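Hello,

Here is the structure for you to look over. My notes follow it.

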Amino acid sequence: MSSRRSSRSRNIQSDSSETRITDDQISDLISKLQHLIPELHRRRSDKVSASKVLRETCNYIRSLHKEVGDLSERLALLLGSGEADSDQAAIIRSLLMY
Amino acid sequence: MTLARDTAMKNPTNSLKRRFSLKFLKTLVRIRKSRPPPSPSASSSWEIRWRAQKIKLAAYSSMALSVGSKRTWSRALTMKLRATMGNRRWSSWKGSKKMTKRRIVAKKNMEKRHLEKDMNSGLQQLRQLVPGGESMDPRSLLEETAHFVRCLETQVRVMRSIVEGFPC
């Protein structure tokens, strides 16, 4: 294993292949998450605490799930109505957009 | 090592978006065909809800299959969905892998540190939300979360495009 900065506690009873998680790595990952979350991106400050990032991430995931549910309902409505042919045409058109 | 790991575990790409769109659209066509013969009156609300549920499941399974087996969350989600297919109810995310000693140790190491003490409840909540999160060590959990969030965003964007693509 390459050497890297690790922080204080060393009394780890792990496999030799177990990678040590450093505080830096955690901060790195937390800040990456922070940039993903629109709520936190807007603030533009670095002073968001890790626990706030996690909380907002959870909220964001929940809101995404809700949006998937809402869009599924809208799709269900759209698929259920109208002519058979026009539905297929619309779907194929969407496909061709990519 | 972080750099190599980052490039190895890429964020969702355009090809993922295409794969997902294709799978999802194909399933949508199948779902549409599976409806009862069209009637003059509008569909009952029950039928709409039933179809909505199928569409929602199709969205998540298409995304998980498009990501494939290279992510813990996609593997966990695929297994979860296979178990619930045919079951109408949408149950909450729960990890399926056992907490091996190694993972318990990794978790404990995180909990010792002062920085992570504030994060523990946040991490715990995240474990419930990210498929397979229960058995991940904290670093993997954070990495998987980032990827999971971006895939969810892609999924939402594609679904929104499809909805907006329908002629009124």
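**What I found**

Chain A has four helices and zero strands; helices (H or I, at least four residues) and strands (E, at least two) are DSSP runs, numbered from the N terminus. Its elements run α-α-α-α from the N terminus on.

The model is predicted: local features need pLDDT of at least 70, side-chain atom pairs count only at pLDDT 80 or more, and totals for chains, interfaces and linings use all residues. Residues are numbered from 1 along each chain as its sequence is written, chains are lettered from A and ligands numbered from 1 in the order in which they are written, and side-chain values use heavy atoms, with hydrogens and water left out.

Of the 98 residues in chain A, 39% are buried (under 20% relative accessible area, 1.4 Å probe, protein chains only).

Beyond its neighbours within four places in sequence, Leu142(B) is in contact (heavy atoms within 4.5 Å) with residues including Ile26(A), Leu54(A) and Leu123(B).

Now H4(B). Its buried residues include Trp73(B), Leu77(B) and Leu81(B). The buried residues of H4(B) pack against H3 and H8 of chain B.

Regards

Technical notes
Buried means under 20% relative accessible area, exposed over 50%, partly exposed in between (1.4 Å probe, protein chains only).
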